[in-house]
Amino acid sequence: QRVRFGLKRSRARVRVRAQIQPHPTMNIHSLIRIGVAGLLLSASTVFADDLEKLAGKWSVNKTNEQGESYTQTIEIKKDKLTFRIVGSDGEGRLFATGDVKVEKCGPFNVMKVTNIKGGQSESDLQPVDDDRTLIYMLDEDTWTVASNFDKERNQRPGVDVYKKATK
């Protein structure tokens, strides 16, 4: 706050008046702080909602370059992700787990997968020294995922449309 002093002369006396005025930017700063806090709270609610909507099993059927079909499955429980690739013969080809976090990056929905462990099966997990950043769109029963765009990898960048598994 700002204090302003004024002198007023009247015949034989001098009066000192103190007038307290709020600082002109105080209200603006307060409004900005309240607005930012509100945005952060609503953003965390949106991302918590996305994790709740993503909970469950999602799968996509694909074909590799040799013409062999396989299924990729992602299961999300709270902030944990399980990824599986199973061949048409039912044999597991890849199994991975990791921690998952969703956030907004400009207009994009971003999922970050960290603390990844991978192997051919659940009993064969080894720490993977790599994190994944995926861009996604979420609809009622489809989850469109853009992967391998975050950095140079052995796999080509691609987009997969996962369907939610029915219970």
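I started with contacts, which I took as heavy atoms within 4.5 Å. With residues up to four places away in sequence left out, I76 touches L51, L54, A55, G56, L81, V100, M111 and W143.

Two notes on the ground rules. This is a predicted model, in which local features need pLDDT of at least 70 and side-chain atom pairs count only at pLDDT 80 or more, while totals for chains, interfaces and linings use all residues. Residues are numbered from 1 along each chain as its sequence is written, and side-chain values use heavy atoms, with hydrogens and water left out.

**Entry: the core.** Next I asked which residues touch the most other members of the largest nonpolar core. I found I76, L81, M111, W143 and Y162, out of 21 residues in that core. A nonpolar core here is a set of buried Ala, Val, Leu, Ile, Met, Phe, Trp, Tyr and Cys residues joined through side-chain atoms within 4.5 Å. Buried means under 20% relative accessible area, exposed means over 50%, and partly exposed is in between (1.4 Å probe, protein chains only). Among the elements giving two or more residues to this core are helix 1 (26-54), strand 6 (92-105) and strand 7 (108-119). Helices (H or I, at least four residues) and strands (E, at least two) are DSSP runs, numbered from the N terminus.

**Entry: aromatic rings.** I then looked for ring pairs: rings of Phe, Tyr and Trp (its six-membered ring) pair if their centres lie within 6.5 Å, with planes under 30 degrees apart counted as stacked, over 60 as edge-to-face and the rest as tilted. The count comes to two aromatic pairs. W58 and W143 have ring centres 5.6 Å apart and planes at 65°, so they are edge-to-face. W58 sits in strand 3 and W143 in strand 10, so this pair ties together parts 85 residues apart in sequence. For W143 and Y162 the centres are 5.7 Å apart and the planes at 40°, so I logged that pair as tilted. Y162 belongs to strand 11, so its pairing with W143 of strand 10 ties together parts 19 residues apart in sequence. Both W58 and W143 are buried, and so is Y162. Ring pairs link W58, W143 and Y162 into a cluster.

**Entry: strand 3 and its partners.** Two strands pair if DSSP finds at least two bridges between them. Strand 3 (residues 56-63) runs antiparallel to strand 4 (residues 69-77), over eight bridges, and K62 has Y70 as its bridge partner. Their hairpin has five residues between the strands, and G67 there takes a positive phi near 85°. Strand 3 also pairs in the antiparallel sense with strand 11 (residues 158-164), over two bridges; S59 stands opposite K163.

Entry: Is S147 buried or exposed? At 16% relative accessibility, S147 counts as buried. S147 lies in strand 10 and, apart from residues up to four places away in sequence, touches L134, P157 and G158. G92, in strand 6, is partly exposed, with a relative accessible area of 33%. The C-alpha atoms of G92 and Q120 are separated by 6.6 Å, though the two residues are 28 apart along the chain.
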